[in-house]
Amino acid sequence: MRMLQTEIGRVRLSGIVEGISYLLLLFVAMPLKYFADMPDAVSIAGPVHGFLFLGLVLMFWIGKAAVPLPTRLVVWGMVGAVIPFVPFIVDVPLYKMLQSEQPQAS
């Protein structure tokens with residue numbers, strides 16, 4: 001997978017996966033808990049999302065040291081991870097950085 005070949009790609013993948021897990025927690029597991037009396041949905045999705053959140057924070061710190069990612073982007077990435085849909089907005093500058101670092105095929 002081409003995304004995993006660079007540090008920026010790994011940060012992007014972590015952000016996308018974490019963002020999806022957060023949306024699943026908020027819009028699938030929590031409604032199941034409160035409207036369908038299925039608390040196990042949150043009991044499963046919550047810890048999975050928490051693990052992925054910690055992984056994303058770690059990936060941003062590694063990216064800050066390795067790339068280096070701009071401090072503003074790292075802060076937005078970590079703060080944005082607790083606000084729905086923001087990880088996908090933070091992905092835009094990461095995608096642009098990834099594209100500028102990839103060699104262009106001729």
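Helices here are DSSP runs of H or I with at least four residues, numbered from the N terminus. The model is predicted.

**Figure 1. Helix α1 and F27.** Helix α1 covers residues 7-35, and F27 lies in it. F27 has a relative accessible area of 51%. The cut-off for exposed is over 50%, so F27 counts as exposed.

**Figure 2. A nonpolar patch on the surface.** Seen here are I20, L24, F27, V28, L32, M38 and F85, which together form the patch.

**Figure 3. The fold of the protein chain.** Four helices and zero strands make up the secondary structure. Read from the N terminus, the order of elements is α-α-α-α. Along the principal axes, the C-alpha atoms fill a box of roughly 55 × 30 × 20 Å.

Figure 4. The protein chain has 106 residues, and 35% of them are buried. Take the contacts with a separation of 6 or more: residues 24 or more positions apart account for 64% of these.

Notes: Residues numbered from 1 in each chain as written. Predicted model: local features only at pLDDT ≥ 70, side-chain atom pairs only at ≥ 80, totals over all residues. Heavy atoms only, no water. Patch = residues over 30% accessible without salt bridge, like charges linked within 9 Å, V, L, I, M, F, W, Y side chains within 5 Å. Areas by Shrake-Rupley, 256 points an atom, 1.4 Å probe, with all protein chains shown as cover. Salt bridge = Lys/Arg side-chain N within 4 Å of Asp/Glu carboxyl O. Helix = DSSP H or I, 4+ residues; strand = E, 2+ residues; numbered from the N terminus. Buried < 20%, exposed > 50% of the residue type's maximum accessible area, 1.4 Å probe, protein only. Contact = heavy atoms within 4.5 Å.
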